[in-house]
Amino acid sequence: MDRIKALFIWLLRCGYSRGFGIQSPTDYRFVRYVINEHYPYYAYDDIKNEYQDSKWLANKLGRLYFRIANFVQPQNVLIYNLDLPIYNIYVRAGCKKAVIETEISNDVVPDMIIANISDGFHNQIDSILNYLRHGSVLVLENIKANHYSRQCWEHILNDDRAMTTFDLYYAGIVLFDDKRYRQHYKINF
């Protein structure tokens with residue numbers, strides 16, 4: 001059933017694939033070589049063999065997090081409100097130097113945050129947005145799961161600090177770069 005839903009979502013978004021319509025060279029490169037990179041990386045098979053019981057969406061998102069970590073090379077990563085150890089493995093494989101935290105701390109400011117939108121997350125959005133700085137990346141899962149999730153995603157889209165956003169249906173990526181123009185993209189992922 002999940003595969004049929006994924007095929008339907010892909011068909012709805014096929015016009016938004018491979019960076020078509022993106023005018024910014026930086027955003028185009030991010031879409032082509034990070035979000036929609038289809039070539040196998042060195043760690044994919046090892047991680048998939050180690051976590052054979054994980055669902056296809058967890059592996060797909062994990063590979064995305066690997067590519068984002070490989071692209072950004074963050075010092076500190078916060079994986080918040082997610083209880084999937086496979087994500088830690090993918091992020092660490094993408095950036096060996098990254099220190100991964102699971103709780104918000106005032107001592108460490110992360111360069112990359114991966115979070116799940118769930119009940120009560122709306123109360124924490126502003127504190128998480130205040131926590132990020134120029135060059136940070138925020139990845140949110142379940143942005144289309146229900147009405148509450150869509151409201152949280154819309155709140156982030158309307159925030160002035162979120163300059164470039166990518167709606168992947170299963171997840172949303174927000175780039176905080178104050179030297180760029182504000183853009184929102186829908187991407188077929």
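Rings of Phe, Tyr and Trp count as a pair if their centres lie within 6.5 Å. Keep that cut-off in mind for the tour. The model you have open is predicted.

**Stop 1: a cluster of rings**

Select Phe 30, Phe 71, Phe 166 and Tyr 185. Ring pairs link these four residues into a cluster. Across the structure there are six aromatic pairs.

Zoom in on Phe 30 and Phe 71.

Is each of the two buried or partly exposed? Phe 30 has 2% relative accessibility, so it counts as buried. Phe 71 is at 42%, so it counts as partly exposed.

**Stop 2: two tyrosines**

Now select Tyr 65 and Tyr 87. They form another edge-to-face pair, 4.9 Å centre to centre and 80 degrees between the planes. Tyr 65 is in helix 4 and Tyr 87 is in helix 5 (residues 85–94), so the pair ties together parts 22 residues apart in sequence. Tyr 65 is buried, with a relative accessible area of 0%. Tyr 87 is buried too, at 2%.

**Stop 3: a charge over a ring**

Go to Arg 32 and Tyr 33. The charged end of Arg 32 sits over the ring of Tyr 33, 5.7 Å from the ring's centre.

**Stop 4**

In soluble globular proteins, nonpolar side chains tend to be buried together. Select Ile 35, Leu 64, Ile 68, Phe 166 and Ile 173. These have the most contacts inside the largest nonpolar core, which has 40 residues. Elements giving two or more residues to this core include helix 2, helix 3 (44–50), strand 1 (76–80) and strand 6 (171–175). Which element gives the most? Helix 4 does, with seven residues.

Stay on Phe 166 and show its neighbours. Leaving out residues up to four places away in sequence, Phe 166 touches several residues, among them Phe 30, Ile 35, Trp 153, Ile 173 and Tyr 185.

**Stop 5: Ser 127**

Finish at Ser 127, in helix 6 (residues 125–131). Ser 127 is partly exposed, with a relative accessible area of 41%. Then select Ala 58, 69 residues away along the chain. The C-alpha atoms of Ser 127 and Ala 58 are separated by 27 Å.

Conventions: Residues numbered from 1 in each chain as written. Predicted model: local features only at pLDDT ≥ 70, side-chain atom pairs only at ≥ 80, totals over all residues. Heavy atoms only, no water. Helix = DSSP H or I, 4+ residues; strand = E, 2+ residues; numbered from the N terminus. Buried < 20%, exposed > 50% of the residue type's maximum accessible area, 1.4 Å probe, protein only. Phe/Tyr/Trp six-rings, centres within 6.5 Å; stacked < 30°, edge-to-face > 60°. Lys NZ or Arg CZ within 6 Å of the ring centre and 35° of its normal. Core = buried A, V, L, I, M, F, W, Y, C linked by side-chain atoms within 4.5 Å. Contact = heavy atoms within 4.5 Å.
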